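Q: Hi! Could you walk me through this one while I have it open? I'd like to start with the salt bridges and then move on to the packing.

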Amino acid sequence: MKIRIRLREILAERGISQRQFALSMDMRIATINHLCSDSVDRVYIRTLEQICEALDITVDQLIVSEEDE
């Protein structure tokens, strides 16, 4: 099973750039860019909470599990 963060998709659906989102969150742009990549191997829970709060979503809307192919 693979766990994936859907941040890139959610931002695209809302027409928000990664840079805009990072600036609005007062986070490093590199942090948001990393979370939008497919190579995330760790993330702080507080960061996920802040993202969910800012986007008004639940953590299960942000993080999904996928079967390995």
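Predicted model: local features only at pLDDT ≥ 70, side-chain atom pairs only at ≥ 80, totals over all residues.

Q: What does Arg6 touch, not counting residues up to four places away in sequence?
A: Arg6 touches Glu13, Gln61, Leu62 and Val64 on that count. With Gln61 there is a polar atom of the Arg6 side chain lying 2.8 Å from the backbone oxygen of Gln61.

Q: OK, and the charged partners? Which side chain meets Arg6 at 3.1 Å, N to O, in a salt bridge?
A: That's Glu9. The side chain of Arg6 also meets that of Glu13 in a salt bridge, at 3.4 Å, N to O.

Q: Which residues are linked with Arg6 in a network of salt bridges?
A: The network links Arg6 with Arg4, Glu9, Glu13 and Glu66. Side chains of opposite charge can pair when their charged atoms come close.

Q: How many salt bridges does the count come to?
A: Seven.

Q: Which residue does Asp38 meet in a salt bridge?
A: Asp38 meets Arg8 through their side chains, at 2.9 Å, N to O. This pair links distant parts of the chain, with Asp38 in the loop between H3 and H4 and Arg8 in helix H1, 30 residues apart.

Q: And how do those two count for exposure?
A: Asp38 counts as exposed at 57% relative accessibility, and Arg8 is partly exposed with a relative accessible area of 40%.

Q: Changing topic to H1 itself. Which of its residues are buried?
A: Helix H1 covers residues 7-14, and its buried residues are Leu7, Ile10 and Leu11. They lie on the same side of H1, because they cover an arc of only 95° around the axis.

Q: Why would that spacing put residues on one side?
A: An α-helix has 3.6 residues a turn, so residues three or four places apart point the same way.

Q: Nice. What is exposed on the other side of H1?
A: Ala12 and Glu13 are exposed there. That is the Glu13 whose side chain pairs with Arg6.

Q: What covers the buried residues of H1?
A: The cover includes strand S1 (2-5), helix H2 (18-25), helix H3 (29-35), helix H4 (45-55) and helix H5 (59-62).

Q: What about the backbone just after H1?
A: Gly15 comes there, and it takes a positive phi of about 70°.

Q: One more residue: where is the place of Ile57?
A: Ile57 is in the loop between H4 and H5. Ile57 is buried, with a relative accessible area of 14%.

Q: What is Ile57 in contact with, leaving aside neighbours within four places in sequence?
A: Ile57 is in contact with Ile10, Arg14, Cys52 and Leu62. Ile10 is one of the buried residues of H1.

Q: How many residues apart in sequence are Ile57 and Ile10?
A: They are 47 residues apart in sequence, and their C-alpha atoms are 9.8 Å apart in space.

Note on methods. Residues numbered from 1 in each chain as written. Heavy atoms only, no water. Buried < 20%, exposed > 50% of the residue type's maximum accessible area, 1.4 Å probe, protein only. Helix = DSSP H or I, 4+ residues; strand = E, 2+ residues; numbered from the N terminus. Arc of directions from axis to C-beta. Contact = heavy atoms within 4.5 Å. Salt bridge = Lys/Arg side-chain N within 4 Å of Asp/Glu carboxyl O. Polar contact = N/O pair within 3.5 Å; in protein donor to acceptor, adjacent residues only side chain to side chain.
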